[in-house]
Amino acid sequence: DRQTLVAVLQFLRRSNLRESEEILRREARLLGDDLGGSVATVASSSPGVAAVAAVPPGKGGALAGTAGSLPGAGGRPLPEGPLAMGGPCASRSLGGLSVTGAQGSVSGVVVEDQPDVSAVLSAYNQQGDPTLYEEYYSGLKHFIECSLDCHRAELSQLFYPLFVHMYLELVYNQHESEAKSFFERFHGDQECYYQDDLRVLSSLTKKEHMKGNETMLDFRTSKFVLRISRDSYQLLKRHLQEKQNNQIWNIVQEHLYIDIFDGMPRSKQQIDAMVGSLAGEAKREANKAKVFFGLLKEPEFEVPLDDEDEEGENEEGKPKKKKPKKDSVGSKSKKQDPNAPPQNRIPLPELKDSDKLDKVMNMKEAARRVRLGPECLPSICFYTFLNAYQGLTAVDITDDSSMIVGGFADSTVRVWSVTPKKLRSVKTAADLSLIDKESDDVLERIMDEKTASELKILYGHSGPVYGTSFSPDRNYLLSCSEDGTVRLWSLQTFTCLVGYKGHNYPVWDTQFSPYGYYFVSGGHDRVARLWATDHYQPLRIFAGHLADVTCTRFHPNSNYIATGSADRTIRLWDVLNGNCVRIFTGHKGPIHSLAFSPNGRFLATGATDGRVLLWDIGHGLMVGELKGHTDTIYALRFSRDGEILASGSMDNTVRLWDAVKAFEDLETDDFTTATGHINLPENSQDLLLGTYMTKSTPVVHLHFTRRNLLLAAGAYSSQ
C-alpha cells in the first residue's frame with residue numbers, strides 16, 4: 001500500500017540510496033517529489049514518537065492526524081493532512097497507527113500487540129474541564145436511570161467503560177485530586193464482577209503509573225464492545241447531542257465499539273449472562289465464521305472376535321470365521337459427518353499397528369460400556385493424594401486409565417501405575433544387544449524387570465509444574481511449568497526427551513491432540529502455541545487474549561483448539577490458519593476448565609465464578625448455565641457418550657449434570673444467532689443429577705474410563 005511505500009522511500013532517501021529510491025519509485029509509479037508531504041513532516045519532526053489517532057470502524061479509510069503536540073514528539077504539532085491507510089486495517093478496532101521516527105527511519109505499523117505506550121496514551125490528550133467530569137457522568141447516570149426499563153438495562157452497560165476512560169483521562173492530564181474524587185464517588189456503582197479490574201485501576205493515580213501498566217494498555221488498545229439495540233443507541237445519541245455533552249460522546253466514539261442490532265432490546269438477564277469480560281462482549285462478527293465441528297471418520301479395520309467366542313464355534317465343528325465386528329461408534333461414523341472437516345484438512349499422524357490394537361481394545365471395552373443417564377449415574381472412584389506437602393498442581397490420567405501423573409509445586413512430575421502392572425524402563429543399550437530380535441515376545445524382553453515400580457519421579461523442571469498430559473498412545477508425557485518450558489518425557493525410559501522453549505513466562509497448561517503428535521500450550525504471555533513433538537519451534541501462535549491463557553483443549557477432531565483466559569473469555573482457534581473463529585463471553589472470572597462434548601458440537605467451560613457455561617460451537621451461542629458450585633471449577637468432563645457432564649471444584653464437590661437435557665430443543669433460530677437474545681432457564685437445579693462431597697479434597701481432575709466409571713483426583717488439604 002502507498003503508505004508503506006512512502007515510508008520505505010523516505011528511508012532510502014535518508015540513507016542516501018538514491019538509485020534504489022529511483023528504481024522503486026519507477027516500479028511503483030510514484031513520480032515527483034510530492035510523495036505525501038504530510039508523512040515527511042511527521043518523519044522529520046523528531047526522534048521521538050508521533051501518534052495518529054485510530055479511526056472508529058466504518059469511518060472510511062482515511063486517518064486524520066491529531067492536531068496538538070504529543071509527548072515525545074519534540075513538542076511540534078502534527079500536520080492536519082489525512083494519511084491514507086489500507087482498507088482492511090482502517091476498520092480494525094485494535095491499535096492506532098504509529099509512525100515512529102527513531103534512528104532516522106520511518107515505518108507505518110498497525111500495532112496490535114504491544115503498542116508504544118506514549119503513542120497509546122496520547123489519545124487522552126484532550127481539553128475537557130476536569131471539574132465537570134463528575135457532573136457529566138452523573139448527568140448520564142441520571143438520564144439512563146430515568147429511561148424506560150427496556151432501554152435502561154442496555155444503556156447501563158456504558159457505566160463501566162465510561163467510568164474507566166474518564167478516570168484515566170483525568171489521571172493522564174494530571175488532575176489527580178479530581179480523578180480521586182471521581183473514582184471514590186462512582187466506583188461503588190460498578191458491577192461486582194469488575195472489582196478486580198477496579199482494584200488495579202485505583203492504584204493508577206499518576207500519569208507515570210500509566211506508562212508500563214498492562215491493564216491500562218489493554219483498555220486503551222482494545223475497544224470495549226457493547227451490544228445495543230438500534231432504539232437504545234438512538235436514544236443515547238440524541239441525549240448526548242442535545243446536552244452538547246461532547247466529552248462523553250468523544251469517549252463513546254474513540255474508545256467504545258457499539259455493536260448495533262435491529263430488534264427488541266435485551267433484558268437485564270440476557271445482558272448479565274453475556275457480559276463481564278475485560279473488553280465487553282464479543283462482536284457478533286467474531287462468531288460468524290464456519291466451524292467444522294463434526295468428527296473425522298474412524299479408519300475401518302477388522303476386529304477379531306474374542307477367544308471365547310471362537311472356541312464356542314469350533315466345538316460345533318464349523319470352520320471359524322473372522323466376522324468383522326464394528327463397534328457402535330464405528331458403525332455410526334461410516335457416513336461422513338456433514339459438519340466434519342475434510343479428512344486431510346490438517347495432516348494427522350498415521351495409525352501404527354500398536355494404535356490399531358489399542359483401538360480394538362477400546363472397541364471391546366466400549367461394548368461393555370454402561371449407558372449413563374438420570375436413572376443410571378456413574379460410580380465415582382476418587383484418588384486422593386495424601387501427604388502431598390509438595391503441593392499438587394496438575395493431574396492427568398491416560399485414556400485407558402492405567403496411569404496417573406501428578407505435577408507438583410516442588411517441580412517434580414510423578415507417574416503412578418493404577419493397575420497391578422508395574423512401570424518398567426527399557427534395558428540399557430548393552431543389555432539390549434543381547435536380545436534375540438526375532439522372538440515373539442521381544443517387546444516384553446526389552447523391559448528391565450529390575451526397574452519395576454509403582455511410582456516413577458521425573459526431575460527436570462525448575463519451577464512448579466502447572467500442566468501435564470499423556471499422549472494417546474501412552475508412550476509420552478508432557479509437562480509445563482513456571483520455568484517457561486514444556487517438557488516431553490518418554491514413558492519407555494522415564495527420561496526427558498525435549499524441552500520446548502518458546503514461552504518466556506510461566507506456562508499454565510498443555511495438552512496433547514487426541515491423535516497425538518501435536519500439542520498446545522498456553523501461558524502468562526497471553527498466547528497459546530501449537531507444537532509438533534518433532535519441531536522445537538511452535539507451528540502456530542494464537543494471539544488475541546488480553547490476559548494469561550489459563551487452560552487449553554483440543555477439539556475431538558483436532559482441527560480446533562479452545563483456550564480459556566484470565567480476561568474472562570474463551571476463544572476457539574483454527575489450527576489450519578491460526579485464526580480466532582469464536583469468542584465466548586459471559587464468565588465473571590478467569591476460566592480454569594474446558595471440555596468438548598464427545599460429538600464435537602458443544603463446549604463446557606468453568607471459571608472462578610463457580611458457574612459452568614455451555615456453548616453451541618456451530619452457532620456461536622451460549623446455550624446453558626449450570627449454577628451450584630460455590631468455588632472455582634478446575635475440572636470438567638463429559639461421559640464417553642456425552643450423556644452426563646461431571647464438574648469438579650475447589651468447593652470439594654463433584655457434581656453430575658444431565659447433558660442430554662441441557663442440549664435438547666435449543667433455540668438456535670436465525671434471530672437468536674443474529675442478536676444474541678438467549679433465553680436461559682431460570683433454574684439449573686433440574687439438570688443437577690447429584691452432588692458428591694469429599695472430606696476436604698478440592699477436585700483437580702476428572703476422567704471417565706472407557707466403561708464410564710468416573711475417576712476423580714485431588715490432594716487432601718487439612719484446613
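Leaving aside neighbours within four places in sequence, which residues is Phe163 in contact with? They are Tyr137, Phe182, Phe183, Phe186, His187, Gln190, Leu198 and Leu201. Contact here means heavy atoms within 4.5 Å.

This is a predicted model, in which local features need pLDDT of at least 70, side-chain atom pairs count only at pLDDT 80 or more, and totals for chains, interfaces and linings use all residues. Residues are numbered from 1 along each chain as its sequence is written, and side-chain values use heavy atoms, with hydrogens and water left out.

**Nonpolar cores**

- The largest nonpolar core has 43 residues. A nonpolar core is a set of buried Ala, Val, Leu, Ile, Met, Phe, Trp, Tyr and Cys residues joined through side-chain atoms within 4.5 Å.
- Buried means under 20% relative accessible area, exposed means over 50%, and partly exposed lies in between (1.4 Å probe, protein chains only).
- Leu158, Phe163, Phe182 and Leu201 touch the most other members of the largest core.
- Helix 8 (residues 159–172) supplies the largest share of this core, with eleven residues. Helices (H or I, at least four residues) and strands (E, at least two) are DSSP runs, numbered from the N terminus.
- Another core, of 21 residues, lies apart from the largest one. Its members include Met274, Ala562, Leu603 and Leu680.

**Helix 8 and helix 13**

- The axes of helix 8 and helix 13 (residues 246–255) come within 10 Å and cross at roughly 105°. Axes are lines fitted to C-alpha atoms, for helices over the stretch in contact, and angles run from 0 to 180 degrees between N-to-C directions.
- The two helices are therefore roughly perpendicular to each other. Angles of 65 to 115 degrees fall in that class; under 35 degrees counts as roughly parallel, over 145 as roughly antiparallel, and the rest as oblique.
- On the helix 8 side, the meeting residues are Leu162, His165, Met166 and Glu169. Helix 13 brings Gln247, Ile248, Ile251, Val252 and His255.

**Leu204, a loop residue**

- Leu204 is found in the loop between helix 10 (195–202) and helix 11 (214–221).
- Leu204 counts as buried, at 3% relative accessibility.
- Leu204 and Tyr167 are 37 residues apart along the chain, and their C-alpha atoms are separated by 9.5 Å.

**Sheet 13-14-15-16**

- Four strands form an open sheet in the order 13-14-15-16, with antiparallel pairing. Two strands pair if DSSP finds at least two bridges between them.
- Strand 13 (465–470) and strand 16 (495–501) are the edge strands, and each pairs on one side only.
- The twist averages 20° from one strand to the next.
- Five bridges link strand 14 (residues 476–481) and strand 15 (residues 485–490) in the antiparallel sense. Ser479 stands opposite Arg487 in strand 15.
- Thr468 lies in strand 13. Thr468 is buried, with a relative accessible area of 7%.
- Leaving aside neighbours within four places in sequence, Thr468 is in contact with Ala394, Val395, Asp396, Val405, Gly407, Leu478, Ser479 and Thr510.

**Sheet 21-22-23-24**

- A further open sheet of four strands has the order 21-22-23-24, with antiparallel pairing.
- Strand 21 (549–554) and strand 24 stand at the edges with a single partner strand each, so one side of each is left without a neighbour in the sheet.
- Strand 21 joins strand 22 through five bridges, running antiparallel. In strand 22, Ser565 is the bridge partner of Val549.
- Strand 22 (residues 560–565) and strand 23 are antiparallel and joined by five bridges. Gly564 has Ile570 in strand 23 as its bridge partner.
- Three residues separate strand 22 from strand 23 in a hairpin, and Arg568 in the turn has a positive phi of about 70°.
- Five bridges also join strand 23 to strand 24 (residues 580–585), again antiparallel. Leu572 stands opposite Arg582 in strand 24.
- The hairpin of strand 23 and strand 24 has five residues between the strands, and Gly578 in the turn has a positive phi of about 80°.

**Strand 23, inside**

- Six of the six residues of strand 23 (residues 569–574) are buried, so the strand is largely enclosed by the rest of the structure.
- Both faces are covered, with Thr569, Arg571 and Trp573 buried on one side and Ile570, Leu572 and Asp574 buried on the other.

**Cysteines**

- The disulfide count is zero, taking a disulfide as a pair of cysteine sulfur atoms within 2.5 Å.
- Cys381 counts as partly exposed, at 28% relative accessibility.
- Cys551 counts as buried, at 4% relative accessibility.
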